[in-house]
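Try each task before you read its solution.

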Amino acid sequence: MLPPYDEEGHTGPSAYKWLPSVHENDDGNRQKQLQRYRLELRSQFRQHRGYYRAGLGLGFLLLVLVMVGPLIHPHETSDNDHADRSEHQHLPPWLMRGGSPKMQPTRRKPPDRQDNKVPTGAAPPDIRLPPLPAQASDSVQEGRRAAIRHAFKHAWRSYRAYAWTHDELRPVSNKTNDSWGGFGITIVDALDTLWILGLQEEWKEAREHVRTLQYAKDVEVSVFETSIRHLGGLLSAYTLSEDPIFLERAEELAQLLLPAFETPHGIPYH
């Protein structure tokens, strides 16, 4: 709260003589209030005149730098700048700002580097690949094979115990999932792995499942997943073992999938 000031800007008893009284009318009160506001503004200006002067000086200095800066460091235009501006001369003036469109920034082309150009007919550069890592010993490789075989058998035994002939096993709840038609797609998808790992007992059991598999079911399946996992698993098993049963079942499944390609664009919907 600022102290009252008189007309000359001094404080004291004389500064209170202009305050409105209850016996004056509204016009007089309004005039007194305006006079009081003028004196308060004058007092604030006197108290902060140093800050105002500093702000004006700083603003003047920035204005001088903005005006003098281009003169100290002139902008050098290149041939690319002139080429870019000539490309946009056909545009209306309201789309232009400084010779380039307002909506699209001017993109400069990278300069041509003569040292990067390979002469015609020159030999390709000599690219040397890093040396291959040293091959592990037979004992180390056999240990790795045993670890992989053990991990696969662990997963296979769990699937065999809790979800046999179903599509998938939920490992946490030990429940089954038949999202791919209920044809035991895990068995078909693992046929090539069983053959490569040399698990003959598991291979024979999986082959028997494929032989007795019934495709005559009215179910909705994913053409993509069925093609890569089920049909692909049968073809991989036939390629490795040359057992005709896998080729026969693959052809039977492919015939059932063909109607899915009868679309206007030839691509299945699902």
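In what follows, a helix axis is a line fitted to C-alpha atoms over the stretch in contact, and angles run from 0 to 180 degrees between N-to-C directions. Keep in mind that this is a predicted model.

**Exercise 1.** Work out how helix 8 and helix 9 are oriented towards each other, and which residues meet.

*Solution.* Step one: find the geometry. Helix 8 (residues 223–241) packs on helix 9 (residues 244–257) at an angle of about 155°, and their axes lie 8 Å apart. Step two: angles over 145 degrees count as roughly antiparallel, so helix 8 is roughly antiparallel to helix 9. The crossing of the two helices is left-handed. Step three: look at the contact.

**Exercise 2.** Find the buried residues of helix 4 and what they pack against.

*Solution.* Start with the helix itself: residues 138–162 make up its 25 residues, and from first C-alpha to last it reaches 36 Å, close to the 36 Å expected. Its buried residues are Phe-152, Trp-156 and Tyr-159. These pack against strand 3 (168–170), helix 5 (185–189), helix 6 and helix 7.

**Exercise 3.** Place Gly-198 in the chain and decide: is Gly-198 buried, partly exposed or exposed?

*Solution.* Gly-198 sits in the loop between helix 6 (191–197) and helix 7 (200–211). Its relative accessible area is 43%, so Gly-198 is partly exposed. Lastly, its C-alpha lies 9.1 Å from that of Arg-149, 49 residues apart along the chain.

Notes: Residues numbered from 1 in each chain as written. Predicted model: local features only at pLDDT ≥ 70, side-chain atom pairs only at ≥ 80, totals over all residues. Heavy atoms only, no water. Helix = DSSP H or I, 4+ residues; strand = E, 2+ residues; numbered from the N terminus. Buried < 20%, exposed > 50% of the residue type's maximum accessible area, 1.4 Å probe, protein only. Expected span 1.5 Å × (residues − 1). Contact = heavy atoms within 4.5 Å. Parallel < 35°, antiparallel > 145°, perpendicular 65-115°, else oblique. Left-handed = near helix turned anticlockwise from the far one by under 90°.
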